[in-house]
Amino acid sequence: MRPIETIGEMRVGVVGAGISGLSLVHALADRDVDVVGFEARAEPGGIMRSRRVDGRTVELGPQRLRLTPGLESMVTDLGLEDRLRTGDDDQPIYIYHDESLHVAPLSVREALTTDLLSLRGKLRILLEPLYGPPKPDETVDEYLTRKFGRQAARRYLGPLYSGLYGTHPDDMLVEYSLGRALEKAGIDRSVLLWVARKLLSGRETPPIVTFEDGLGELSTALYEAHSDAVRLETPVESIHETDDGYELRTPEDSERVDEVVLTTPAETCADLLEPVDADLESVLRRFTYNPIGMVYLDSGFDGEGIGTLVPPGSDVRISGLTWNASFLGRERLYTCYVDPGTYPEMESSTDEELGDVAAAEFERITGASATPIHVHRWDPGMPAYDRSWTAMDDLEPPAGVHFCTNFVDRPGIPGRIRSARRLADELADRSTGK
Ligand SMILES: Cc1cc2nc3c(=O)[nH]c(=O)nc-3n(C[C@H](O)[C@H](O)[C@H](O)COP(=O)(O)OP(=O)(O)OC[C@H]3O[C@@H](n4cnc5c(N)ncnc54)[C@H](O)[C@@H]3O)c2cc1C
């Protein structure tokens with residue numbers, strides 16, 4: 001094993017040019033650290049890519065972002081200000097419950113007016129500060145039920161959180177999932193008091209945004225700004241430790257680096273690191289992911305909203321919908337999510353069958369007809385953040401190996417940009433011997 005300190009001329013190798021890898025290359029270049037990035041695909045962006053289908057922009061992954069300060073400064077660096085398109089985030093998110101749509105109470109006004117919860121269910125939420133922080137081994141469902149009552153937990157809070165990952169709230173240990181998010185947000189005991197303090201401070205939530213041609217514009221602009229440092233169509237096939245660093249082997253050649261950063265899903269990290277550390281490889285193989293099917297629908301439905309969430313436990317075969325037409329002004333476009341939890345036949349079904357299921361469930365939920373225009377599948381999709389995340393306790397990369405991935409840290413794009421910056425600071429300090 002080589003020593004941890006690597007001082008002097010440092011070269012960093014980054015595996016993967018999704019938003020994590022691209023943000024890291026951008027931040028390292030900004031700090032004058034020598035960096036080389038490798039991307040297996042012919043196109044940068046990883047999950048964050050857009051496509052033109054039938055003259056419309058569809059998003060293969062994230063549908064929109066919050067314009068956090070980190071994202072805003074990146075947009076300015078890349079000269080993309082004029083390409084931003086702001087969404088209408090005053091629109092509600094709906095929950096499909098008892099065969100109809102109900103507004104999810106995410107603001108005081110919505111909490112007072114929604115018919116998703118009974119009066120008793122609403123009053124129970126107010127008791128939340130009386131209940132303590134997460135307990136060891138508590139699931140997300142148990143924690144939310146204890147804090148907010150069964151109605152709020154089951155009808156919207158649990159599904160809003162776990163729906164992001166496609167995992168049932170019963171299968172998520174709060175310590176390894178929601179608890180980490182609360183901790184990072186600085187919420188120790190009461191979520192409600194934290195929300196109240198935020199409202200009283202008058203601090204505004206950053207607006208919802210995308211770009212004229214979709215979020216893929218950001219990936220492309222980041223790549224173009226650093227195309228001399230990022231090699232497309234160059235998969236790293238294995239990583240090997242050398243006397244003074246690491247060797248990244250690609251089909252054509254190999255590259256020597258001092259520090260290596262992986263941004264790929266856990267299973268790929270396991271494959272690549274197998275020659276470096278067999279124990280680490282087996283820990284990485286424990287993390288599970290949920291596949292996701294995305295079905296893009298054309299519909300004349302004219303409801304106003306950001307989307308619909310379908311809580312687990314119903315017979316609806318989709319987990320949710322994004323109403324791109326409404327809050328982003330994407331003409332007649334709706335994005336539908338299917339996963340094996342909601343539709344067990346998903347993986348064996350054809351794209352046409354998946355499209356038909358999505359269109360039928362769309363009609364059942366909204367009352368409007370829809371036509372599928374495109375299907376995209378992700379496997380691996382989202383990190384499941386289920387019980388397999390206890391593997392985090394055993395994740396000990398050797399000196400010089402770093403994970404800047406959505407399975408060790410926050411998966412949202414603003415979080416990915418933040419962790420790339422944090423790691424760039426750490427590596428830049430190391431390269432200058434601070
Ligand atoms: C369907 C879906 C919807 C989402 N919606 C939202 C949302 O609305 N808002 C939000 O904030 N977040 C959302 N997320 C989460 C967010 O999009 C992801 O966490 C984030 O894009 C992950 O970026 P990444 O760079 O870490 O990983 P990836 O995007 O997976 O990038 C990894 C890259 O590594 C490359 N690669 C793989 N193997 C190799 C190899 N051997 N050598 C070189 N390169 C390799 C891949 O081709 C890929 O480009 C969503 C995720 C999904 C799946």
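Predicted model: local features only at pLDDT ≥ 70, side-chain atom pairs only at ≥ 80, totals over all residues.
**Cores**

The largest nonpolar core has 66 residues. Those that touch the most other members are Tyr156, Ile239, Leu273, Leu284, Leu395, Phe403 and Phe407. Leu284 shows how such contacts run: leaving out residues up to four places away in sequence, Leu284 touches Ala266, Cys269, Ala270, Leu273, Leu395, Phe403 and Phe407. Another core, of 38 residues, lies apart from the largest one and includes Met10, Ile19, Leu71 and Phe211. In soluble globular proteins, nonpolar side chains tend to be buried together.

**A covered helix**

**Cysteines**

A disulfide is a covalent bond between the sulfur atoms of two cysteines. How many disulfides does a search of the whole structure find? The search finds 0 disulfides. For Cys269, the nearest cysteine sulfur is that of Cys404, 11 Å away. For Cys404, in turn, the nearest is that of Cys269. A disulfide needs the two sulfur atoms within 2.5 Å, so at 11 Å Cys269 is in no disulfide. Cys269 is buried, at 0% relative accessibility, and Cys404 is buried too, at 3%.

**A loop residue**

Pro275 sits in the loop that links helix H10 (266-273) and helix H11 (278-284). Which residues does Pro275 contact, leaving aside neighbours within four places in sequence? They are Ser238, Ile239 and His240. Pro275 and Ser238 are 37 residues apart in sequence, while their C-alpha atoms are 7.4 Å apart in space.

**A surface patch**

Val108, Leu112, Val195 and Leu199 form a nonpolar patch on the surface, and together they have about 410 Å² of accessible area. Helix H3 (108-113) and helix H8 (191-201) each give two or more residues to the patch. An α-helix has 3.6 residues a turn, so residues three or four places apart point the same way. Val195, in helix H8, is partly exposed, with a relative accessible area of 35%.

The table lists the relative accessible area of residues named above.

| Residue | Relative accessible area | Class |
|---|---|---|
| Cys269 | 0% | buried |
| Cys404 | 3% | buried |
| Val195 | 35% | partly exposed |
| Pro275 | 36% | partly exposed |

Definitions and conventions:
Residues numbered from 1 in each chain as written. Heavy atoms only, no water. Patch = residues over 30% accessible without salt bridge, like charges linked within 9 Å, V, L, I, M, F, W, Y side chains within 5 Å. Areas by Shrake-Rupley, 256 points an atom, 1.4 Å probe, with all protein chains shown as cover. Salt bridge = Lys/Arg side-chain N within 4 Å of Asp/Glu carboxyl O. Helix = DSSP H or I, 4+ residues; strand = E, 2+ residues; numbered from the N terminus. Buried < 20%, exposed > 50% of the residue type's maximum accessible area, 1.4 Å probe, protein only. Core = buried A, V, L, I, M, F, W, Y, C linked by side-chain atoms within 4.5 Å. Contact = heavy atoms within 4.5 Å.
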